[in-house]
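Subject: Structure handover and notes

Dear colleague,

Please find below the structure that I am handing over to you. My notes on it come directly after, with the cut-offs stated where each term is first used.

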Amino acid sequence: MDINGQDMRAALACLAEAGRVTRVEGSVDTEFELAAVLAQCPGRSAVLFEQVNGYAMPVVGNLVDRTNFALACGIPATLEASLRYITRGIEQPIAPVVIADAPCREVVITQEIDVAKTIPVTTFFEREAGAYISAGIIVAKDPETGKRNVSMNRLLVLGPDTLMIGMSPSHHLHRLKEKADKLGKPLEVSIALGNHPAVLVAANAYVDLGFDEFDIAGGMLGEPLQLSAGVSVDVEAPAGAEIVIEAEFIPGEMYEEGLVSEFHGMYVDYGKSPLLRVKAITHRVNPYYQVILPGRYHEHFIIGALAIETTALRHIRAAVPGAKEAFITEGGMGRCHLVVSLSHPRAGEGQKAAFAAFAHCNLIKQVTIVDDDIRIDDPVDVEWAVAARMRADRDIFVVPGVRADRAEPLVKDGTVAKIGIIALREASALPKAEIPQAIMRRVQNEWDRYQVKTGTSVESHR
Ligand SMILES: Cc1cc2nc3c(=O)[nH]c(=O)nc-3n(C[C@H](O)[C@H](O)[C@H](O)COP(=O)(O)O)c2cc1C
Ligand SMILES: [Mn+2]
């Protein structure tokens, strides 16, 4: 059934074992209702919709959060572990292999294609243009070098075989399309739906053009990602994907999208975007359709955050070797606010680390630098560092006019001010009041001996 644990079903099995799959048995409509249930499901379990009106296909949503990612990848649910795991993917990449008879090709549709009839595409936000495919990874090949690129892009379903694809001009896919346009060849893509969280995060890594994100997924998984050749395009897709849509760009055709939700929870208007013509749909027998609730919802930002904090840390380490961890905060829209810890920082290294972060990714506009005694994924601990160690007149700096991401909600001229907050301990800082470490550790090791009963009233012990 599963491809060596590399597919979404394997991830779901790990989550189910940990009690982190919520089943929705009642029927839901693809228009707004499924989104409303996903938005309000308590906890961070994956959600399995068993009955979607008008479709036989079950839908999976909310697959990835930090804990679910760790469970699916078989690593501890700590920031340190995810940083190490994703860093290994980038630093020790493993090339994928192409296999025959892949599960994603069990059913092949090349005639009478109708995306919205086959797949329960969902409408999320009231003022958007229609139903979007939101969890697709887009695989394409550089028409000049033949090197693969993998990214995540929203797809607006416009007709039976017509999709609009949203892509930022700063991303690689856009550059591949420009190259293809120049050569007068339509760029082909495979859109894979229903993927392992490692594949989703790899697709979001900020790496150089020419670095195949499937190599990163392999490095994370510790084995080659298994791919399947296309049936109507010369582009591979993960062999264990639930559904693959094969398509090519329609040269010269653009569509005025109107308003679309962004990670910051507001609508933006990006103007015109290119169109794709679908050539084939293939899927597994009894496939699941994966949905990522976009906008300001947890899964949308956590997939990007996991990737961006790791690539940012690598970039910062090149400038400041003592950089220990990096963390993208939830309140900072999962994109814009980064916290970085430094071990034994030398004078000025906090500023240097912040500049490296700004240079790495246009999205990052606030960087807080702390010492390595701070748990940077704990907002209270980080605020403590700011309260205890940051002098506002000396340790805050603002850099105006820096290149902004196109989703930036504050400005329209393409630039934004960036802020650095240096909350590093001075040599003269008051010493921290601490319980002796040896006793803390001993108590932790012997915890059972204390028979700690949480929530017991004092009365019952009288
Ligand atoms: C759920 C989700 C949806 C995304 N949608 C888009 C999108 O519609 N357009 C876009 O340009 N980037 C989108 N992204 C971000 C890109 O996938 C990401 O920046 C990626 O690294 C770009 O890769 P590339 O430079 O190799 O093309 C999305 C990310 C996530 C997590
Ligand atoms: Mn890329």
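This is a predicted model: local features need pLDDT of at least 70, side-chain atom pairs count only at pLDDT 80 or more; totals for chains, interfaces and linings use all residues.

Residues are numbered from 1 along each chain as its sequence is written, chains are lettered from A and ligands numbered from 1 in the order in which they are written, and side-chain values use heavy atoms, with hydrogens and water left out.

The core

A nonpolar core is here a set of buried Ala, Val, Leu, Ile, Met, Phe, Trp, Tyr and Cys residues joined through side-chain atoms within 4.5 Å, where buried means under 20% relative accessible area, exposed over 50% and partly exposed in between (1.4 Å probe, protein chains only). The largest such core has 140 residues, and the members that touch the most others are Phe69, Val115, Tyr289 and Leu338. Helix H9 (residues 298-319) gives the most to this core, with 10 residues; helices (H or I, at least four residues) and strands (E, at least two) are DSSP runs, numbered from the N terminus. Beyond its neighbours within four places in sequence, Tyr289 is in contact (heavy atoms within 4.5 Å) with residues including Met57, Ile119, Tyr132, Leu193 and Ile243.

The two sheets

Strands count as paired if DSSP finds at least two bridges between them. One open sheet of 4 strands runs in the order S1-S2-S3-S18, with mixed pairing. Strand S1 (21-24) and strand S18 (289-291) each have a single partner strand, so one side of each is left without a neighbour in the sheet. S18 pairs with strand S3 (residues 59-61) in the parallel sense over 3 bridges, and within that pairing Val291 is the bridge partner of Gly61. Helix H2 (residues 33-40) packs on this sheet, where it touches S1, strand S2 (46-49), S3 and S18, and its direction makes about 150° with that of S2; axes are lines fitted to C-alpha atoms, for helices over the stretch in contact, and angles run from 0 to 180 degrees between N-to-C directions.

Another open sheet, of 5 strands, has the order S19-S20-S21-S23-S22, again with mixed pairing. At its edges are S19 and strand S22 (396-403), each pairing on one side only. S20 and strand S21 (residues 366-371) pair in the parallel sense over 6 bridges, and Leu338 stands opposite Val367 in S21. Helix H10 (residues 349-360) packs on the sheet, touching S20, S21, S22 and strand S23 (415-423), and helix H11 (residues 379-389) also packs on it, touching S20, S21 and S23.

Just after H3, Gly74 takes a positive phi of about 70°. Thr329 lies in the loop between strand S19 (323-328) and strand S20 (337-342), and touches Gly334, His337 and Val339, not counting residues up to four places away in sequence.

Cysteines

With a disulfide taken as a pair of cysteine sulfur atoms within 2.5 Å, the count comes to 0 disulfides. The sulfur of Cys73 is 8.7 Å from the closest cysteine sulfur, in Cys14, too far for a bond. Cys73 counts as buried at 13% relative accessibility, and Cys41 counts as buried at 17%.

With best regards
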